[in-house]
Amino acid sequence: MIPFFSGEQVRQAVSPARALEAVREAFVAYARGEWSMPPKVYVTNYPAGDFRAMPALGAGHASLKWVTSFPGNPARGLPTVTGLVLLSDAETGQLKAMLDAGAVTALRTGAAAVLAAETLGAPGARTAAVVGTGVNGRAAAAAFVAVGREPLLWDVDPARAQATAAAVGGRVAGSREEALAADLVVTVTPGQEILFPEGALRPGQHVSLMGADGPGKAEIAVAELARIRLFCDDWEQASHGGELAAALDAGRIRRGDVTTLPDVLAGRAEGRRSADEITAFDSTGLAIQDLALALAALERAGEIAGLQRVSL
Ligand SMILES: NC(=O)c1ccc[n+]([C@@H]2O[C@H](COP(=O)([O-])OP(=O)(O)OC[C@H]3O[C@@H](n4cnc5c(N)ncnc54)[C@H](O)[C@@H]3O)[C@@H](O)[C@H]2O)c1
């Protein structure tokens with residue numbers, strides 16, 4: 001019988017702290033070549049939205065996430081991100097678990113944002129902020145809380161920032177400028193507005209750019225990317241569909257300008273070089289993160305009340 005984890009059951013099984021650990025381990029295994037994944041496939045139906053098929057292999061398992069990004073959905077009372085994760089045994093091919101993709105995505109996205117901020121931020125960074133506190137921004141806020149920070153929260157919809165503060169902790173920022181000036185900033189907006197124009201970031205700041213994970217989206221100006229130190233989750237994906245793709249196409253950056261976070265975590269590349277350096281992490285979201293979360297949930301299957309089990 002195959003367990004099916006609803007969104008609530010995924011959150012019961014995997015805490016933000018466990019998600020941070022799982023995503024760190026996945027990034028290191030990927031950098032070492034122990035885990036693998038083909039680049040994600042986009043199936044587009046713009047302007048409505050897109051579907052993504054994200055397969056990965058690692059730790060004796062294979063996974064596939066079939067997930068959406070439909071930016072207009074909140075206005076319809078529907079989630080932007082929805083779908084399923086399938087986890088299979090890599091030796092027998094047998095299905096081992098099915099999980100709500102929205103909850104898996106939020107946990108691993110929040111974890112990656114904060115893992116990047118804590119790894120690449122300046123030593124002694126004091127203030128942290130999350131800009132865009134929807135589903136995935138709330139998960140980033142929860143991950144900051146899990147590492148002992150009280151993040152500033154900002155959203156164009158003040159009710160969302162307040163709801164996030166009430167649900168996971170943190171404090172609503174007095175202004176957008178206050179949030180964008182934090183030592184560690186995580187942005188998780190739909191990527192329709194530039195938050196950082198040229199010259200906006202100050203020495204020592206770090207920003208994890210999570211929202212612009214596909215073509216046509218941006219949270220930072222190309223000219224700003226061209227003057228700061230750049231990191232991404234995976235070059236293959238980031239060079240095709242994230243913040244860096246636009247800068248690459250414009251000839252403002254080259255492959256050699258970008259370091260991957262998995263390489264930094266595995267000790268194969270240098271992270272921040274000085275307290276004054278400005279660092280940015282461009283996340284497109286990796287299938288190996290979903291695999292790590294699915295495995296972390298499956299570990300706890302026996303402890304989750306009311307888990308449905310289905311046979312094929
Ligand atoms: N990098 C990744 O791994 C990854 C993973 C999941 C989602 N995403 C992307 O993140 C984005 C957000 O996804 P979500 O599911 O959290 O959406 P959501 O609709 O739940 O949340 C987005 C939030 O951003 C706010 N917002 C919009 N414009 C803003 C602005 N200019 N300034 C501040 N806040 C603003 C909205 O009010 C909303 O609360 C999408 O573009 C999605 O594709 C990336």
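The C-alpha centres of domain 1 and domain 2 lie 22 Å apart. The protein is divided into these two parts, domain 1 covering 2–104 + 288–310 and domain 2 covering 120–285; the bounds come from an automatic or database domain assignment. The structure is a predicted model, in which local features need pLDDT of at least 70 and side-chain atom pairs count only at pLDDT 80 or more, whereas totals for chains, interfaces and linings use all residues. Residues are numbered from 1 along each chain as its sequence is written.

The contact between the domains takes 21 residues from domain 1 and 15 residues from domain 2, two residues being in contact if their C-beta atoms, placed from the backbone, lie within 7 Å. On the side of domain 1 that touches domain 2, helix H2 (residues 16–31) gives the most, with nine residues. Helices (H or I, at least four residues) and strands (E, at least two) are DSSP runs, numbered from the N terminus. By class, this side of domain 1 has 13 nonpolar, four polar and four charged residues. Ala, Val, Leu, Ile, Met, Phe, Trp, Tyr, Cys and Pro count as nonpolar, Asp, Glu, Lys and Arg as charged, and the others, Gly among them, as polar.

Glu25 has its place in helix H2. Glu25 counts as partly exposed because 18 C-beta neighbours lie inside 10 Å; a residue is buried if 20 or more other C-beta atoms lie within 10 Å of its own, exposed if 12 or fewer, and partly exposed in between, with C-beta atoms placed from the backbone. From C-alpha to C-alpha, Glu25 and Ser88 are 19 Å apart in space, and they are 63 residues apart in sequence.

An open sheet of seven strands has the order E2-E3-E4-E5-E6-E1-E15 and mixed pairing; two strands pair if DSSP finds at least two bridges between them. Its edge strands are strand E2 (41–45) and strand E15 (308–310), each of which pairs on one side only. On average, neighbouring strands of this sheet are turned by 20° against each other, direction ignored. Axes are lines fitted to C-alpha atoms, for helices over the stretch in contact, and angles run from 0 to 180 degrees between N-to-C directions.

Five bridges link E2 and strand E3 (residues 49–58) in the antiparallel sense, and Val41 has Ala53 in E3 as its bridge partner. Helix H11 (residues 287–299) packs on the sheet, where it touches strand E1 (2–5), E3, strand E4 (61–69), strand E5 (83–89) and strand E6 (95–100). The direction of H11 makes about 65° with that of E3.

E5 and E6 run antiparallel and are joined by five bridges, with Leu99 in E6 as the bridge partner of Val85. These two strands form a hairpin with five residues between them, and Gly93 in the turn has a positive phi of about 80°. E6 also pairs with E1, in the parallel sense and over two bridges; there the bridge partner of Phe4 is Met98 in E6.

Two loops hold backbone features of note. Most residues other than glycine have a negative phi, and most peptide bonds are trans. The peptide bond from Tyr46 to Pro47 is cis, with omega near 5°, and Pro47 lies in the loop between E2 and E3. Ala59, in the loop between E3 and E4, has a positive phi near 55°. Ala59 is partly exposed, with 16 other C-beta atoms within 10 Å.

A second open sheet has eight strands in the order E9-E8-E7-E10-E11-E14-E12-E13, with parallel pairing. Strand E9 (171–172) and strand E13 (258–260) each have a single partner strand, so one side of each is left without a neighbour in the sheet. Strand E7 (residues 128–131) and strand E10 (residues 184–187) pair in the parallel sense over four bridges, and Val130 has Val186 in E10 as its bridge partner. Helix H4 packs on the sheet by touching E7, strand E8 (152–154) and E10, and its direction makes about 170° with that of E7.

The ligand is surrounded by 29 residues, the closest being Gly132, Gly134, Asn136, Ser283 and Gly285; a residue is near a molecule if its C-beta atom, placed from the backbone, lies within 6 Å of it. Helix H3 (101–120) and helix H4 (135–146) are the elements that give two or more residues to this shell, and H4 gives the most, with three residues. The shell has eight nonpolar, 15 polar and six charged residues, and draws at least three residues from each of domain 1 and domain 2.
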